[in-house]
Amino acid sequence: MNENLEINQIALPPDYVTGLSEMAGNFTYSRLQSNIVPRFSIKVPDSDRNLIYSVMKYFDVGNVYQSGKKNLVFIASSSSDLEKIIDHFDRYHLQGHKADCYKMWRRIVELKKLFRRSDYSKLSELSTALSEITARGQHRKMMTPKQEQP
């Protein structure tokens, strides 16, 4: 990533950040040995460089990374970073499928926060449920309106 490019950050309204997250955000986790690490990310094309850095400034957490050749991704994963993410989405609610993902992801974050050594089996159960919810949403995106079931 060329750090010499000028970045013009935009002041983003909270509802805009929620809408952007509804479309381009991801409530997910990674498994590192016997640990599950929750994280939040938003991925955009390189052409939206100012936007993704504005998201980082809005939350005042995380980092922006190059993702492949043509995308940038904002990622927040530390406990303190995720608290700010949760604070935002608890006040500015998601409305679509991502709301279900967020609720399950939030349970993972809360479980990790409550216990220094979280119950891995419970975290694993929640992360599997999150993966299933996410997969259902991705399947729904690929269906045409006629294919979608009520």
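Which residue of strand 4 does serine 41 stand opposite? Serine 41 stands opposite isoleucine 75.

This is a predicted model, where local features need pLDDT of at least 70, side-chain atom pairs count only at pLDDT 80 or more, and totals for chains, interfaces and linings use all residues. Residues are numbered from 1 along each chain as its sequence is written, and side-chain values use heavy atoms, with hydrogens and water left out.

Let's start with the strands. Strands (E, at least two residues) and helices (H or I, at least four) are DSSP runs, numbered from the N terminus. Two strands pair if DSSP finds at least two bridges between them.

| Strand pair | Bridges | Direction |
|---|---|---|
| Strand 1 (residues 25-32) and strand 2 (residues 35-45) | 8 bridges | antiparallel |
| Strand 2 and strand 4 (residues 71-76) | 6 bridges | antiparallel |

Phenylalanine 27 has phenylalanine 40 in strand 2 as its bridge partner. Strands 1 and 2 make a hairpin with 2 residues between them, and glutamine 33 in the turn has a positive phi of about 55°.

Now for the helices. The axes (lines fitted to C-alpha atoms over the stretch in contact, with angles from 0 to 180 degrees between N-to-C directions) of helix 3 (residues 79-91) and helix 4 (residues 97-114) come within 11 Å and cross at roughly 140°. Helix 3 and helix 4 are therefore oblique to each other; angles under 35 degrees count as roughly parallel, over 145 as roughly antiparallel, 65 to 115 as roughly perpendicular and the rest as oblique. The contact (heavy atoms within 4.5 Å) involves residues including Leu82 and Phe89 of helix 3 and Trp105 and Val109 of helix 4.
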